[in-house]
Structure formats: structure tokens, C-alpha cells
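Trainee: Could you show me how to read helix packing and nonpolar cores in a model?
Mentor: Gladly; let us look together.

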Amino acid sequence: MPSSNATHPQKNSNISAQTREIGRSLDQRELLILRAWLLLPWIALALCCAFMPTEALRPERGGIGMLLAGYLIGGIGFEMGYHRLFAHRSFEASAVVRALLVIIGSSAAEGSIFRWAAIHRRHHEFSDRPGDPHSPKGATWHGRIRGLWHAHLGWMWNETIGMTEYLRVTDLIQDPVLYRLGRVRMYYLWVALGLILPSVLGAWAWGPWTGALRGFLWGGILRLLLVQNRGFAINSIGHTFGWKTFDTKDESRDNPWIALPTFGAGWQNTHHAFPSSWTNRILWWQADPAGLVIRGLASAGLVWSLRYPNTAQIQGKRVPSAGHPRSTFR
Ligand SMILES: [Zn+2]
Ligand SMILES: [Zn+2]
């Protein structure tokens, strides 16, 4: 992947034809579809609860297994790919790994990689200040509750993104693998594939109609519900509850309760302190499943150039009161 400044918009006005094309492709229709896909899993969950006695909707015979497998693959893939590799450029990866990760990330139906990375880079640039697209910050208790809703899902109804935002991701647009597989048209295909694949698997395992419906619901729609809310919980809970290990000048928090289910992203304060690090495991006891997979791929030679802060950088940002024994660095 070509290297460039990953967190700041390109300063000159020389917008490439590719960037113009990506920017233009974002229209109201994409935003409407994106919002619909965020609500659909909740509707499916309600229907599942209401019609659970129906044989096709019952989770037994592998439904739960399919849901958990989809959550593991989708969640770790999203955290590794969309977040650490593409948005933060915290390591380099082969074309095959980049292709797989953009497909897995797209299947979460949270927007194309260009849109998601542009918004995420804005989040880091303005973290919990005016300009942050999804800060839960609120001065009063009811302001905090409203802020939690805004950070979790509400911001999707206030979001605006234009050509300026795409200038934040010109480095990603220049990557031929991402340009080919990450464009909106292809993104819809990967979202569909994330629903078709479990349906086909279900039909193969449990019979054509009942099995396909069970696979679609548990491996497709309900998997979306878990993967999407994994990410939204980082924005809401990860910027509200927990402690600060590092002085980041924002409201990001380290929260062990969401660290595992978010595959390492729940160490949000550590991540904001060192956004370009390939792992959020700065302290020896921090669990970081996505980081473990990245290390495994590095051992196999499929990813390389892993970026990590040095000891002086870590010590320099440490909050003095975080001097308890658990804060021994790894
Ligand atoms: Zn954050
Ligand atoms: Zn980040």
C-alpha cells in the first residue's frame, strides 16, 4: 500500500479523478440504505423473539454456532482490517489479505471502507470536541444519556459526509485493491454475500427452505446485529465508562468489560493514545484478540511492518495516577 499522511486531509486542491469518483458516489440513496441496514437487524431480532416457536427460527442445530462464528470472523476481521489496517495504517499486508479484510469489513454493512475510514479519521482528529461525528460527551446527566444514544446509533441520522471528508482517505483510494473492491457498488455485493453465504450453508446443512431461513437469520441478520453494535459500543461505552491509562485530552476510556467482545478495541483510551499501534495490548494483562491474529499473520509472513510505540512514548503519555502494579508495561 502506498504510504502517506493517514490522519489529515490532503491540503492541496488537486483532487484526483479517483477521489472525485468516490466522493460523487456518495449520495442520499447510500445513506438511506445504510440507515435501513442498521435498523433491519433490530426488526429481525424482534421478529425472532415473537416467532421463536417456528421451527426455522429456532437457534438449535447450529444456529447459535453460525451466529458466533460469523461474529468472530466479522468482528475480528472488521477490527483488523477496516480499523487497524485501513483507517490507521498500523501495519502492511499482502494484496490477498487486504482483499479479504475489505470484503469481511464491508459485510458488516457499516458503510464502504472509504466512508468508514474518512469518518473514523475525523473522530480521531476531533475526538470529543466539536467536529467529532460521534462523541457521547454531555455536561448534564440527561445530556450524557442523550450523548450515549447519539454516540451509539443516533449520529447516523445526523451524519454528513462530502468531498472534503474523502480527502482524508486519498491514500486508501490510491490502493488498487481497495479501489477495485471497496467502491460502493462492490460494497453492496459484499453486504449481500454476508447474507447469501449463511443462507446457502443453512440450506446445505438443514434443508432447502427451513435451513436457508435459519442460516439467513442467525448467520446473516443477527450476526449483523452483533457485529454492528460491537462497533457502536466502542463509540458510546468506550468514551464514557472505564478509566484513563494515558493522557489523551479526550473522553476515551479503557474498559475491560467491552475489551473482549470488541476484540481489543475496548481499550479505547490506549488506542487513542497510540492510534497507529497494531495492538492495543500495551499493558501486559490487556487482552487483544485482533492483535493476536495480526501477530499470527505476521509470523506467517502475510502482514509486516507492524507499528508500535516505544517505551519513551508510552511513559510520556502515562497518567501519573495509573501507577498501580497492573500498569506494568508488557
Ligand atoms: Zn474513539
Ligand atoms: Zn481508531
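Mentor: What follows is a short talk about helix contacts and cores. This is a predicted model, where local features need pLDDT of at least 70, side-chain atom pairs count only at pLDDT 80 or more, and totals for chains, interfaces and linings use all residues. Residues are numbered from 1 along each chain as its sequence is written, while chains are lettered from A and ligands numbered from 1 in the order in which they are written.

Trainee: At what angle do α10 and α11 pack?
Mentor: Axes are lines fitted to C-alpha atoms, for helices over the stretch in contact, with angles from 0 to 180 degrees between N-to-C directions. Here α10 (residues 184-206) and α11 (residues 208-236) make an angle of about 140°, their axes 6 Å apart. The pair is therefore oblique (under 35 degrees is roughly parallel, over 145 roughly antiparallel, 65 to 115 roughly perpendicular, the rest oblique).

Trainee: How do α3 and α14 cross?
Mentor: The axes of α3 (residues 63-87) and α14 (residues 289-299) come within 9 Å and cross at roughly 75°, which makes α3 roughly perpendicular to α14.

Trainee: Which residues have the most contacts inside the largest nonpolar core?
Mentor: A core joins buried Ala, Val, Leu, Ile, Met, Phe, Trp, Tyr and Cys residues through C-beta atoms within 7 Å; buried means 20 or more other C-beta atoms within 10 Å of a residue's own, with C-beta atoms placed from the backbone. The largest has 54 residues, and Tyr82, Phe86, Ile113, Phe114, Ala117, Val169 and Leu172 have the most contacts inside it. Helix α11 gives the most to this core, with 11 residues. A second, separate core of five residues includes Phe246 and Ile314.

Technical notes: Helices (H or I, at least four residues) and strands (E, at least two) are DSSP runs, numbered from the N terminus. A residue is buried if 20 or more other C-beta atoms lie within 10 Å of its own, exposed if 12 or fewer, and partly exposed in between; C-beta atoms are placed from the backbone.
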